[in-house]
Structures are given as C-alpha cells and as structure tokens.
Amino acid sequence: MEASTRAIVLIHGAWYGGWCWRNIIKRLHGVGYHRVFAPCLTGLGSRSHLLDHTIGLSTHINDIVNLIETEELEDVSLVGHSYGGMVITGVADRLSKNVTSLLYLDAYTPENGQSAFDIRTPQTLEDKVVQLDIQHGNLAIPPPSPRHHGLDGPILDWACRHMKPHPMRCFQERIQLDGNWLTVPNKVYFRATKFPSFYFDNYLVKWSKDPNWITKNEDVHHNYMMMNPDWFLQLLLETFCLKQG
C-alpha cells in the first residue's frame, strides 16, 4: 500500500466542525502523519451557510464517501466522535474495502434502520429539549453549552465561538446498512465515562463481548480529545489506528 493512499479521516460530532480537531492535526503532522482530513459536514462549521431542510444523515455520509473517493484513499482510519459514529458507519458500509480502522470515540454504532433519535430516547434534559425542537418543526437543533461536554478555559471559549445549530433531519433519518462495515479489520469502541449516556454505556458492554472489537474506557469527558490532544494521539497508537511508515 502506497503511503500516499493512507490517511486518517476525523469526523466531528453534532454542532461542532472540522475545526475541533485542529490541535490534533498539528500533533499528527508533528509525528510525520501528513494525510489527515477533518472536513466540516454540510451545514456545520465553515459550511454552515449551506444549512437547509434537505440536509440529512445521508448528506453527511456522502460528504465523506466523496472525500475518500476523490482523494483516492485506500487505507483509511476513520474516527467518528459522538454523532460522527453514525456517519462513519454509513461510510464504512459503502467503502469497506477502503477502510482499515474504525474508531468510535464515545459515539453511536447504529443498527440498520435506526436513527440517532431512535437510539437516544428523551431521558436527559438535553434530549427533552431536542424533542421540543422536533415538535416545533425547527430546521436545526441549537447547540448546548460545550461545558456539558467537558470543555473549559480557552477551549470552552473557542467552542462557543464556532458551534452551530445541527440540521434536524440528521437525527431523524434512519441509516440504511448492508453490514459491510462490520468486515473492517480493526474496530475500536472508546467510552468516556464522565459523560452520562446510557446508549454509549450500552455500546461499550455490547462490543466488549465481541472478540472482533477493541474496547477501552477512561474516566474522561465527552470532548476530552480537544482538552488533551496528546492523549488522543496516544489512543490512536494504542488501538492500532495510527500507522506510520
């Protein structure tokens, strides 16, 4: 495999954008890993001006499928944070031959026919607020405080400047899967246990019972990779998602 076809593709969660990986990309470049992509999904980050009612989960899956195909990447480590897990599952299902690693960073691993709303029943205050947005037919879901995701100090201020409303339909659209994503050789589930989430807890239990998965959990918060990029770089190494040479 040529080094030019090898890459890491980092997919952000709801309300964030590719900008949230900025300090991690610097670390990756610093260790000689130059094929790193952190796109903003349609309607978010630098592409927030494109927000409209047509943007759904399939839009975001197409964003990343087109990136991989256009860049002719053949040895891809896909990282999905939170909602980004929905996206990388759909991408890997379509391009399983191009993807060699999947890292679910406190993220969804949906089954065929599920939406994010199907998975996250309204048990928390944040979920109940989202349910109200659905009932009112809102175009997008306003961002919560990034403090809820464990951010503080300058990183909190940075997130507050750039978080955007998330397209509603992305949470409503049910994913269509053939099961090809499960053939990806290296599959990793990481649970950040300081962030309360029964569905992420369930995923950790589920995948820890499967010998084809690597599972890890630590007492850190949901967006800890933004607070400690060096920690995240080490996680990539420990889980065989970072290949050099």
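1. Let's start with Tyr104, which counts as buried because its relative accessibility is 0%, under the 20% cut-off. Please keep in mind that this is a predicted model. Tyr104 forms an aromatic pair with Trp213, with 5.8 Å from centre to centre and 35° between the planes, a tilted arrangement. Tyr104 belongs to strand E4 and Trp213 to strand E8, so the pair ties together parts that are 109 residues apart in sequence. Trp213 is buried too, with a relative accessible area of 7%.

2. A second pair deserves a look alongside it. Over the whole structure, a search finds 20 aromatic pairs. Ring pairs also link Tyr104, Trp181, Tyr189, Tyr203, Trp207 and Trp213 into a cluster.

3. Now to the sheet. Its 6 strands pair in parallel, and the sheet is open, with the order E2-E1-E3-E4-E7-E8. Strand E2 (36-37) and strand E8 (213-218) each have a single partner strand, so one side of each is left without a neighbour in the sheet.

4. You can follow a row of facing residues across several strands. Strands E3 (residues 75-81) and E4 (residues 99-105) run parallel and are joined by 6 bridges, with Val79 opposite Leu103 in E4. E4 is joined to E7 by 5 bridges, again parallel, and Leu103 stands opposite Val188 in E7. From E7 to E8 there are 6 bridges, also parallel, and Val188 stands opposite Ile214 in E8.

5. How many residues of E7 are buried? The count is 7 of the 7, so E7 is largely enclosed by the rest of the structure. Both of its faces are covered: Asn186, Val188, Phe190 and Ala192 are buried on one side, and Lys187, Tyr189 and Arg191 on the other.

6. H2 lies across strand E1 (6-11), E2 and E3, and runs at about 165° to E1. Helix H8 (residues 198-208) touches strand E7 (186-192) and E8, its direction making about 140° with that of E7. Together, E7, H8 and E8 make a right-handed β-α-β unit.

7. Within helix H2 (residues 57-70) you will find Val65, which is buried, with a relative accessible area of 2%. Beyond its neighbours within four places in sequence, Val65 is in contact with Val91, Arg94 and Leu95.

8. Helix H6 (residues 153-162) has the buried residues Ile155, Leu156, Trp158 and Ala159. They cover an arc of only 160° around the axis, which puts them on the same side of H6. The face turned away from that buried side carries the exposed residues Pro154 and Arg161. Among what covers the buried residues of H6 are helix H1 (22-30) and helix H9 (224-227).

9. Just after H10, Phe240 takes a positive phi of about 65°.

Conventions. Residues are numbered from 1 along each chain as its sequence is written. This is a predicted model: local features need pLDDT of at least 70, side-chain atom pairs count only at pLDDT 80 or more; totals for chains, interfaces and linings use all residues. Side-chain values use heavy atoms; hydrogens and water are left out. Buried means under 20% relative accessible area, exposed over 50%, partly exposed in between (1.4 Å probe, protein chains only). Helices (H or I, at least four residues) and strands (E, at least two) are DSSP runs, numbered from the N terminus. The arc is that of the directions from the helix axis to the C-beta atoms. Contact means heavy atoms within 4.5 Å. Two strands pair if DSSP finds at least two bridges between them. Axes are lines fitted to C-alpha atoms, for helices over the stretch in contact, and angles run from 0 to 180 degrees between N-to-C directions. A crossover is right-handed if, with the strands pointing away from the viewer, the path from the first strand over the helix to the second runs clockwise. Rings of Phe, Tyr and Trp (its six-membered ring) pair if their centres lie within 6.5 Å; planes under 30 degrees apart count as stacked, over 60 as edge-to-face and the rest as tilted.
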